[in-house]
Amino acid sequence: ISNVSDSPQLLPIWSNELLQRYVNDFSDHLLNLQADAKHFFAKEHDMLSDLARIKAILEDVNKKCAKQKSILKSRHTQIVDQKNKIAELQSELDLVNSEREQLRQEQM
């Protein structure tokens, strides 16, 4: 087996013009790929920035929701306490009214 350099007849004959056109086409193709890659990475960067902003917004909303939950839980506790106090006072009022009714009945 002979070397390629030893067998010039195996190589296709390319004219300088044809080689230059091939190199230019290939160069254009590489430039297009490079532009596509820059565009893709710019879009990817924009999307990552958008995701970071969305994440920050969601974290803020989550904190506010946790704070509201805490406030609502506290208010619920206050309402239950007030409801229990009202029931206590109603019970006392019922007892007082009952005693008053008994006194009125006894006075008759």
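Predicted model: local features only at pLDDT ≥ 70, side-chain atom pairs only at ≥ 80, totals over all residues.
Residues are numbered from 1 along each chain as its sequence is written, and side-chain values use heavy atoms, with hydrogens and water left out.

Now the overall picture. The protein chain has one helix and zero strands; these are DSSP runs, numbered from the N terminus, with helices being H or I of at least four residues and strands being E of at least two. Of the 108 residues of the protein chain, 1% count as buried, and here buried means under 20% relative accessible area, exposed means over 50%, and partly exposed lies in between, with a 1.4 Å probe and protein chains only. The chain exposes about 10,600 Å², of which carbon and sulfur atoms supply 60%, and the accessible areas come from the Shrake-Rupley method with a 1.4 Å probe, where for residues only the protein chains shown count as cover.

Back to the salt bridges, of which the count comes to six. Glu 59 and Lys 55 are four residues apart in helix α1, and so are separated by about one helical turn; Glu 59, at 42% relative accessibility, counts as partly exposed. Another is formed by Lys 64 with Asp 60, whose closest N and O atoms are 3.3 Å apart, and these two residues are also four apart in helix α1, about one helical turn. Is Lys 64 buried or exposed? Lys 64 is exposed, because its relative accessible area is 52%, whereas Asp 60, at 36%, counts as partly exposed. Lys 85 forms a salt bridge with Glu 88, the closest N and O atoms being 3.9 Å apart, and both lie in helix α1, three residues apart, about one turn of the helix. Lys 85 is partly exposed at 44%, and Glu 88 is partly exposed at 44%.

Next, the aromatic rings. The structure holds one aromatic pair: the rings of Phe 40 and Phe 41 have their centres 5.3 Å apart and their planes at 70 degrees, so the pair is edge-to-face. Rings of Phe, Tyr and Trp (its six-membered ring) pair if their centres lie within 6.5 Å, and planes under 30 degrees apart count as stacked, over 60 as edge-to-face and the rest as tilted. Phe 40 itself, at 49% relative accessibility, counts as partly exposed.

Finally, Tyr 22 has its place in helix α1, which covers residues 16–107.

Notes. Salt bridge = Lys/Arg side-chain N within 4 Å of Asp/Glu carboxyl O.
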